[in-house]
Every structure is written in structure tokens, then in C-alpha cells.
2 protein chains.
Amino acid sequence: MFMNFENTLSFLLAKVTVAHRNTLQKSVNESGLHSGQVFVMFELWKSDGQRQIDLALRLGLSPPTVNKILGGLLENDFVTRAKYEDDARSTRIFLTPKGKAIRGQLELQWIKLEEQTVSALTDTEALMLKQLLAKLLERPELV
Amino acid sequence: MFMNFENTLSFLLAKVTVAHRNTLQKSVNESGLHSGQVFVMFELWKSDGQRQIDLALRLGLSPPTVNKILGGLLENDFVTRAKYEDDARSTRIFLTPKGKAIRGQLELQWIKLEEQTVSALTDTEALMLKQLLAKLLERPELV
DNA sequence: AAGCTACCATTAGCCGGCTAATAATCAAAA
DNA sequence: TTTTGATTATTAGCCGGCTAATGGTAGCTT
């Protein structure tokens with residue numbers, strides 16, 4: 001009479017969420033970073049000196065979440081805050097030398113993580129999965 | 001010189017899962033439940049009176065996580081705890097009438113959520129995505 | 001110039017994950 | 001029988017998400 005809960009896409013996504021976050025956590029904590037911090041660092045490596053609100057928008061996270069993550073990065077001296085001269089409301093986030101230096105290591109760890117994840121699939125499957133996930137992300141309100 | 005971070009499977013999975021959890025949260029909070037509680041309830045509907053450790057194993061969650069989620073369900077009178085006669089260590093979790101009554105509503109909401117999610121894809125794509133996610137989940141240590 | 005509105009950062013507080021550490025119990029081995 | 005080890009639940013404390021509410025600033029309108 002009742003549906004097959006475990007076979008819904010929503011269920012599978014939820015399960016993958018938890019599993020993937022655990023794997024990500026293990027993968028990056030060698031570098032002294034936590035899972036959420038990695039995404040902020042990648043964004044800063046692309047463009048240093050962003051405002052918090054822009055980081056939030058590009059990462060698809062709420063401003064308080066970004067603020068909290070930055071707190072940890074500041075404590076560990078990966079980034080610094082600096083007031084933006086033209087606008088006293090916003091602060092700009094800059095990479096420290098330590099934050100810049102860690103990039104290579106993190107990229108290698110990310111590549112290893114990617115190889116691990118992809119190893120469960122064939123090349124075709126991996127490509128297809130990426131395309132399907134990207135298609136879901138095009139509708140942020142639906143995922 | 002550096003990799004295309006946004007095009008890795010690991011990145012896409014991380015993004016999709018955050019987005020999906022937000023959608024799930026909105027979907028189920030009409031019923032008075034939170035996102036994590038839903039999975040425990042579905043598990044109890046399948047088999048009432050389980051021990052916490054068995055819930056944790058079947059859900060793929062840590063025992064403290066299940067314990068915390070059950071705290072909320074107990075407070076809101078969706079479940080009750082009862083000692084297992086043969087073993088003083090474990091407790092068994094039972095659905096209350098309120099917990100049993102909410103099943104139909106939750107199932108409908110889940111179906112709506114599923115339709116929403118799947119609507120971004122064709123039938124073939126949705127089926128394929130489910131199969132690929134399921135394949136990833138077969139290797140819990142890799143996702 | 002004054003005031004309204006929009007924007008940015010921040011705080012507080014919640015839920016959902018986790019690990020590590022405790023306490024109690026059970027079971028098996030010595 | 002005692003002791004040792006495994007199991008179960010629980011607590012504490014962390015990170016990563018979120019919403020709601022504050023306070024300060026900018027900017028536009030009047």
C-alpha cells in the first residue's frame with residue numbers, strides 16, 4: 001500500500017549527502033581544514049579580496065553560514081578581514097600567506113578524492129552523473 | 001595551471017546535497033517534523049520497536065546522531081522509549097498514535113517532493129540518476 | 001538636510017551530522 | 001566466581017547548514 005521510500009531520488013540524494021560529506025571531511029582534514037572551509041578557500045583562490053556577501057552568493061550559502069566558516073579560517077590564520085575603503089558596511093576577505101600556500105596541497109587532495117569517487121563508476125557513467133547533477137543544479141529551488 | 005574545481009563530481013555532489021537538504025527541510029516542516037526525523041520515522045513505520053543501535057545501523061548514522069534525533073521526536077510525542085526486557089542496556093523505540101497517524105501525510109509530502117525533484121529531468125534521466133547514485137552508495141566508503 | 005529604504009555583517013539559536021569519552025550491562029573466558 | 005571485553009546508550013563538544021533579529025552604513029527621495 002505504501003510507496004518504496006528507498007527507491008526515490010530524494011531518498012538517494014539524502015543518503016549520498018551524508019556519505020559524501022563524511023568522505024570529504026576525512027579527505028581534507030589532513031590539511032587542517034574542515035569540509036565547509038574548503039569551498040570558501042577555492043572561491044578565494046579564484047578571486048581574492050571578496051566581500052562576504054559575494055562569497056555567500058557565489059557559494060550558494062547564507063551570509064551567517066559564510067560568517068561562521070570565516071571565523072574558523074580567521075582563527076587559524078588562513079584569511080584576514082579588511083575594511084573596504086569605499087563602503088564601511090562590507091569587509092573584504094584576503095588570503096594570508098598560509099592560506100595561499102596551502103592551495104597546492106588541497107588541490108592534490110581534491111584530485112585524490114575525485115579519483116576515489118569516480119572509481120566506483122565507468123568513465124561514461126561518471127560523465128553522465130556529472131551532467132545530470134549539473135542539470136539538477138540549474139533549478140536550485142527544486143533540488 | 002589549476003584544475004576545474006567546479007566540474008568535479010565531488011563538487012557537484014556537495015552542491016546538490018546542500019540544495020536538496022534545504023528543499024527537503026521546506027517540504028517536510030509542514031508536518032511538524034524536521035529533515036532528519038523523517039528518516040527515523042520511515043524506518044519505524046517499516047519496523048516498530050527497534051533498538052537505537054539498529055536504527056543507527058539501518059540508517060547509516062552514528063548512534064549519537066540517532067539519539068539526538070529521537071530526543072526531538074520524544075519531546076513532540078511521535079515516539080516513546082521502552083526498556084527491552086531481556087537486555088537492560090538497550091531501549092526500544094515505539095511509535096505513538098500520533099507517530100502512526102502522521103504517516104499518510106508524510107508519504108504524500110514525500111511524493112510531492114519527489115515529483116518536484118524529478119520534474120527537472122526526463123523519465124530516462126531520472127531513472128539513470130537513481131541507478132548511478134545507488135551504485136555510488138554501494139561503496140559507502142567512497143561516496 | 002532629513003528620513004526612508006536597502007544592504008552588509010553579525011549574533012543568537014535551532015537542527016543534523018560527527019568523534020571521543022562515560023557508565024551501565026551482558027557475556028564469555030579464566 | 002571473577003575478570004575481562006564487547007555492546008548500548010548517553011553526554012559533551014565540535015562543524016556546517018539554516019532563519020530571525022540587530023546595528024550600522026549607504027544612498028536615494030523628499
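Hi everyone, let's start where the two chains meet: 51 residues of chain A are in contact with 51 residues of chain B, contact meaning heavy atoms within 4.5 Å. Before going on, a word on the basis: this is a predicted model, where local features need pLDDT of at least 70 and side-chain atom pairs count only at pLDDT 80 or more, while totals for chains, interfaces and linings use all residues. Residues are numbered from 1 along each chain as its sequence is written, chains are lettered from A and ligands numbered from 1 in the order in which they are written, and side-chain values use heavy atoms, with hydrogens and water left out.

Back to the interface. Chains A and B bury about 5600 Å² between them, and 72% of that is on carbon and sulfur atoms. Buried area here is the accessible area (1.4 Å probe) that two parts lose on being put together, summed over both.

What about salt bridges across the interface of chain A and chain B? The rule finds four, a salt bridge being a side-chain nitrogen of Lys or Arg within 4 Å of a carboxyl oxygen of Asp or Glu. In one salt bridge, B:Lys135 meets A:Glu125 at 2.9 Å, N to O. On the side of chain A that touches chain B, the elements giving two or more residues are α1 (9-28), α2, α6 (103-118) and α7 (123-137). Of these, α1(A) gives the most, with 13 residues. Helices are DSSP runs (H or I, at least four residues), as strands are (E, at least two), numbered from the N terminus.

There is also a network of salt bridges linking A:Glu6, B:Glu43, B:Lys46 and B:Arg58.

Now let's look at the whole structure, where the search finds 14 salt bridges over all chains. One of them joins A:Glu43 and A:Arg58, with the closest N and O atoms 3.4 Å apart. A:Glu43 sits in helix α2 (residues 35-46) and A:Arg58 in helix α3 (residues 52-59) of chain A, so this pair ties together parts that are 15 residues apart in sequence. Buried or exposed, which is A:Glu43? A:Glu43 is buried, at 5% relative accessible area, whereas A:Arg58 is exposed at 53%. Buried means under 20%, exposed over 50%, and partly exposed in between (1.4 Å probe, protein chains only).

In chain B, B:Glu107 pairs with B:Arg103 at 3.3 Å between the closest N and O atoms. Both lie in helix α6 (residues 103-118), four residues apart, about one turn of the helix. B:Glu107 is buried, at 7%.
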